[in-house]
Amino acid sequence: MAKTLAQEFTKGLWEEIPPFRLVLGLCPVLAVTKSVANGLGMGIATTFVLVCSNLLVSLLRNVIPSKIRIACYIIIIATFVTVVELLMQAFAYPLYLQLGIFIPLIVVNCIVLGRAEAFASKHNPIYSIADGLGIGIGFTLSLGALGAVREVLGEGTFYGMEVFGSSFEPFTFMVEAPGAFVCLGLMLCLMNLAGGR
Amino acid sequence: MGDIFVLIISCIFINNIVLAQYLGNCPFLGTSKKMETAVGMAMAVLFVMVMAGVITWVVNNYFLVTLGIKFLRTIAFILVIASLVQFVEMFLKKSIPALYAGLGIFLPLITTNCAVMGVCLINVQEEYTFLQALIASIAYALGFGLALILFAGVRERVILGRVPKPLQDTSIGLVTAGVISLAFMAFKGMV
């Protein structure tokens with residue numbers, strides 16, 4: 001059953017939206033979503049790596065011997081992560097400091113390796129780009145949404161702007177680690193309800 | 001001596017790798033449904049994390065820094081970890097088959113465990129000495145094991161309860177992890 005290009009792109013936005021449908025790559029999701037800006041920044045960085053590595057893996061899919069393919073994918077991904085790291089140091093230094101070790105850790109984000117293995121190694125470059133872009137944007141949206149909930153409740157701000165009046169007492173619980181776990185768990189529950197599963 | 005004690009306590013409890021630093025969540029949620037698999041994973045992580053922490057420290061300080069190619073750190077570290085896992089697997093298969101059978105499928109999974117890579121990066125970023133890096137790696141690995149085994153214990157009980165359908169599995173798992181993480185926050189006042 002061949003899917004159209006548009007279908008490959010949109011499946012990442014709802015049907016297979018990470019990390020809710022594909023429960024993969026949870027660490028950055030929990031760690032960087034203290035605010036909307038951080039969540040979106042991380043999402044965009046991951047999308048970039050995802051699209052580039054999908055493209056390269058797909059172009060090289062007939063050249064890479066299948067026995068050492070995972071090692072090859074990891075090197076490809078690590079290369080693009082280094083590119084992102086250097087780009088962010090040059091153009092978005094404050095964000096780079098905020099995200100800290102989670103930028104190099106995109107290498108071990110299971111979503112990126114998962115897409116390379118499950119999709120890009122079997123499809124042509126154009127479909128692979130569509131898949132990478134779709135999954136990447138879905139991931140960015142999820143991070144943004146989780147970041148929004150945690151920032152609004154935990155700091156009383158949205159993207160740095162104040163939402164509630166000054167009398168609002170923020171739930172600092174939400175920006176700490178336990179808040180991240182509980183919040184993601186409840187969002188997963190809502191997604192299950194909405195998806196009718 | 002006092003410093004080292006503080007380092008150990010802070011790595012195990014206060015900055016617990018899973019519950020406070022958000023690293024290694026995939027194996028934390030994936031292998032915690034049964035106590036047996038949780039113990040297996042904890043052992044495998046202890047083994048690999050300590051070796052990886054020490055070796056990447058040496059690679060970073062003696063090769064990357066002296067040659068002035070620090071920007072290759074991400075690639076170098078992931079290669080070290082991936083090949084280390086391979087070697088450990090082959091070595092155990094040959095010489096200690098009992099341990100190999102115990103660790104089983106958890107060894108290859110560790111390559112993409114971000115806790116291992118994370119600890120290596122933390123060791124380098126905090127500019128630990130060799131001894132500190134060694135101790136921090138051991139303590140972080142113990143912290144990971146502690147959190148995983150505690151969590152597996154709670155999860156085995158949760159399965160027995162009646163959980164609403166949409167909340168089942170990962171969802172309730174995350175909420176449970178949140179509650180355990182809340183308990184670990186209490187350690188923050190210790191040091």
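This is a predicted model: local features need pLDDT of at least 70, side-chain atom pairs count only at pLDDT 80 or more; totals for chains, interfaces and linings use all residues.
**Chain B and its side towards chain A**

View 1. Two residues are in contact if their C-beta atoms, placed from the backbone, lie within 7 Å. Residues are numbered from 1 along each chain as its sequence is written, and chains are lettered from A in the order in which they are written. Local features need pLDDT of at least 70 and side-chain atom pairs pLDDT 80 or more, whereas totals for chains, interfaces and linings use all residues.

**View 2. Helices of chain B.** Chain B has 9 helices and 0 strands (DSSP runs numbered from the N terminus: H or I, at least four residues, for helices; E, at least two, for strands). Its radius of gyration, 17 Å, is close to the 16 Å of the globule rule for 191 residues, so chain B is as compact as a globular protein of that length. The radius is taken over C-alpha atoms, and the rule is 2.2 Å times the number of residues to the power 0.38.

**View 3. The side of chain B that touches chain A.** Here 32 residues of chain B are in contact with 35 residues of chain A. At least two residues each come from α2 (25-30), α4 (73-95), α7 (114-125) and α9 (170-185) of chain B. The most, 10 residues, come from α9(B). By type, this side of chain B has 22 nonpolar residues, 10 polar and no charged (nonpolar: Ala, Val, Leu, Ile, Met, Phe, Trp, Tyr, Cys and Pro; charged: Asp, Glu, Lys and Arg; polar: the others, Gly among them).
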